[in-house]
Amino acid sequence: MPAPWWSRAVFYQVYPRSFRDSDGDGVGDLDGVTSRLDYLQQLGVDAIWLNPVMVSPMVDHGYDVADARDVDALFGGLGALDRLIEAAHGRGIKITMDLVPNHTSSHHPWFQAALRAGPGSDERDRYIFRDGTGPDGGRPPNNWLSIFGGPAWTRVVEPDGEPGQWYLHLFDAEQPDLNWDNPEVFEDLEKTLRFWLDRGVDGFRIDVAHGMAKPPGLPDMRLAKAEMVLANMDDDPRFNNDGVHEIHRQIRRVFDDYAHAVAIGEVWVYDNEQFSRYVRPDELHLGFNFRLLRTRFDAGGIREAIENSMAAADLVDATATWTLSNHDVDRTPTRYGGGHLGLSRALAMTLVMLALPGAVFVYNGEELGLPNVDLPDEALRDPIWERSGRTLRGRDACRVPMPWEGDAPPFGFSANPQTWLPIPPEWAALTAEKQRDDPDSTLSFYRRAIDMRRSRPQFGGRSVQWLASPDDCLAFRRDGGLKCVLNASRVAIPLPDGELLLASAPLVDGDLPPDAAAWLV
Ligand code: NOJ
């Protein structure tokens with residue numbers, strides 16, 4: 001059987017609010033994506049992953065879904081999605097969407113009905129409502145914290161006007177968790193999956209794919225280990241409960257009716273064996289492995305992340321996935337030290353990532369070398385800012401709209417100067433227009449690297465062999481013959497034998513400088 005299209009695809013993550021605004025409201029939309037398909041085709045991507053575009057009050061920018069079977073008017077409605085699918089398919093680019101099965105918006109008709117119906121009702125059973133503890137039930141049912149800060153429980157006012165039960169929300173209070181023990185929840189998700197897959201969508205990235213099942217009795221979590229970040233610990237009762245695997249099997253049975261479609265889970269689980277369970281043959285096709293993204297620019301750590309990610313996939317003969325950034329984490333140039341150093345390291349890591357076997361995910365703007373943006377307090381829009389009592393700034397810094405062209409904000413992103421997050425004037429040097437014809441730009445580098453990865457046989461095979469390399473460096477070889485060398489040391493190093501295909505920085509007297517990587521064949 002030929003390998004499926006996604007097994008070595010380059011996915012390009014579009015954060016729709018920030019990609020391109022076609023209607024001048026200052027927020028990106030789907031016709032904006034369609035208008036830039038030429039750009040994506042030239043970049044060489046195989047597929048787009050769209051962050052959520054379903055109907056939503058947008059408290060968490062679409063991860064709070066009020067109607068899972070319609071596109072929000074903000075993004076152009078269903079018609080705009082149909083136009084995008086048709087135009088993308090016409091260019092051989094697949095479209096994958098984001099699916100949010102762990103929770104809904106509090107505006108969802110189910111949650112509104114649950115509030116009206118009162119304790120013990122069938123409507124409440126679609127969510128996780130519990131009586132409180134302590135005098136008058138005034139304390140939450142357990143000690144779980146929301147990932148966005150504060151308790152994971154909110155108390156409701158009952159239809160009689162009295163304070164009453166509490167409901168669980170692992171994220172914002174506007175994102176109540178669904179009760180996956182209730183069969184109606186899967187029945188509804190199945191309708192949603194078929195709705196989009198029948199419309200021509202090529203798959204889904206599944207949000208919080210390690211989160212849907214909750215442990216019986218909802219035992220307390222160990223607060224000493226509580227982290228107010230998306231990455232949970234492996235012994236955290238809020239996530240990675242065994243029941244989640246039966247849910248994935250149910251989902252997979254639906255996917256199996258659509259042979260072309262791919263299910264990619266967001267799986268924040270680190271133990272290799274535990275992680276591998278999510279990508280068994282009857283569960284997800286792919287699972288995001290975030291080890292590489294969490295690793296500092298350190299050769300030992302990077303090698304360990306690669307080895308572990310591959311080992312986790314190999315345990316069940318699954319395909320590995322690689323990503324360095326997304327809409328939840330600091331942008332790579334910032335994470336690796338900022339400025340010229342940060343960008344050099346980010347480009348070096350790009351060569352490492354694109355040299356690896358499996359599926360790769362690039363986050364919009366990564367190909368322009370965009371860094372995080374220091375936004376003023378009043379510009380912040382991420383719910384984390386308010387929920388953390390304004391102690392955590394959240395993720396807006398990595399979500400600033402794309403600079404397309406021109407010399408001043410909004411750089412062709414929108415006709416409206418009031419963009420939903422402000423774009424810094426310094427990005428004049430980073431626009432797609434400025435980088436397009438400059439052979440030394442970050443964009444040209446990405447294009448060349450993606451093109452080589454796609455077209456050269458040396459990138460073939462499923463494994464990597466580690467080669468000897470100087471201290472604080474790493475080198476590996478693909479089955480097809482590609483060699484990748486990373487220099488994370490302080491001194492320039494000689495390259496192994498072979499023809500140089502691409503380097504992330506100019507060689508110095510034939511040597512690879514620090515904070516750079518190279519491909520050879
Ligand atoms: C993970 C998503 O990537 C993040 O952006 C979102 O806030 C949470 N899931 C909640 O849906």
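User: Taking helices as DSSP runs of H or I with at least four residues, and strands as runs of E with at least two, numbered from the N terminus, where is the place of Y278?

Analyst: Y278 is in the loop between α8 (272-277) and β11 (286-288). Bear in mind that this is a predicted model, where local features need pLDDT of at least 70 and side-chain atom pairs count only at pLDDT 80 or more, while totals for chains, interfaces and linings use all residues. Residues are numbered from 1 along each chain as its sequence is written, and side-chain values use heavy atoms, with hydrogens and water left out.

User: OK. Buried or exposed, that Y278?

Analyst: Y278 counts as buried because its relative accessibility is 0%. The cut-offs are under 20% relative accessible area for buried, over 50% for exposed and partly exposed in between, using a 1.4 Å probe and protein chains only.

User: What is Y278 in contact with, leaving aside its neighbours within four places in sequence?

Analyst: Its partners are A209, H210, N240, V244, H245, H248, V267, V269, E283 and L284; contact means heavy atoms within 4.5 Å. Take N240 from that list: Y278 and N240 are 38 residues apart in sequence, with 9.7 Å between their C-alpha atoms.

User: Switching to M212. Which loop is it in?

Analyst: M212 belongs to the loop between β9 (203-206) and α7. With 0% relative accessibility, M212 counts as buried.

User: And what does M212 touch, not counting residues up to four places away in sequence?

Analyst: M212 touches P101, N102, W180, V244, I247, H248 and I251.

User: Let's do helices. At roughly what angle do α6 and α7 cross?

Analyst: Roughly 30 degrees, and the axes of α6 (residues 183-198) and α7 (residues 244-255) come within 10 Å. Axes are lines fitted to C-alpha atoms, over the stretch in contact for helices, with angles from 0 to 180 degrees between N-to-C directions. The two helices are therefore roughly parallel to each other, a label used for angles under 35 degrees.

User: Which residues make the contact of α6 and α7?

Analyst: F186, L189, E190, L193 and R194 come from α6, and Q250, I251, V254 and F255 come from α7. By type, that contact has six nonpolar residues, one polar and two charged. Ala, Val, Leu, Ile, Met, Phe, Trp, Tyr, Cys and Pro count as nonpolar, Asp, Glu, Lys and Arg as charged, and the others, Gly among them, as polar.

User: How do the axes of α11 and α14 cross, at roughly how many degrees?

Analyst: They cross at roughly 10 degrees and come within 10 Å, α14 being residues 442-455. That makes α11 roughly parallel to α14. On the α11 side are L343, L347, T350, L351 and L354, and these meet T442, F445, Y446, A449, I450 and R453 in α14. The residues of this contact split into eight nonpolar, two polar and one charged.

User: What about the largest nonpolar core: which residues touch the most other members?

Analyst: F11, Y12, L30, L40, F204 and W519 do, out of 148 residues in that core. Helix α11 (residues 339-355) gives the most to this core, nine residues. There is a second, separate core of 15 residues, including F148, A152, L168 and I384. A nonpolar core is a set of buried Ala, Val, Leu, Ile, Met, Phe, Trp, Tyr and Cys residues joined through side-chain atoms within 4.5 Å.

User: What is the phi of H61, then?

Analyst: Positive, about 50 degrees, although H61 is not a glycine. H61 sits in the loop between β3 (54-55) and β4 (67-71) and is buried, with a relative accessible area of 4%. L218 has a positive phi of about 45 degrees, and it is not a glycine. The loop between β9 and α7 holds L218, which counts as buried at 9% relative accessibility.

User: Last one: where is S106 found?

Analyst: In the loop between β5 (94-99) and α5 (109-117). S106 is buried at 8% relative accessible area. Not counting residues up to four places away in sequence, S106 touches F111, Q112, A173, E174 and P176.

Notes. Angles under 35 degrees count as roughly parallel, over 145 as roughly antiparallel, 65 to 115 as roughly perpendicular and the rest as oblique.
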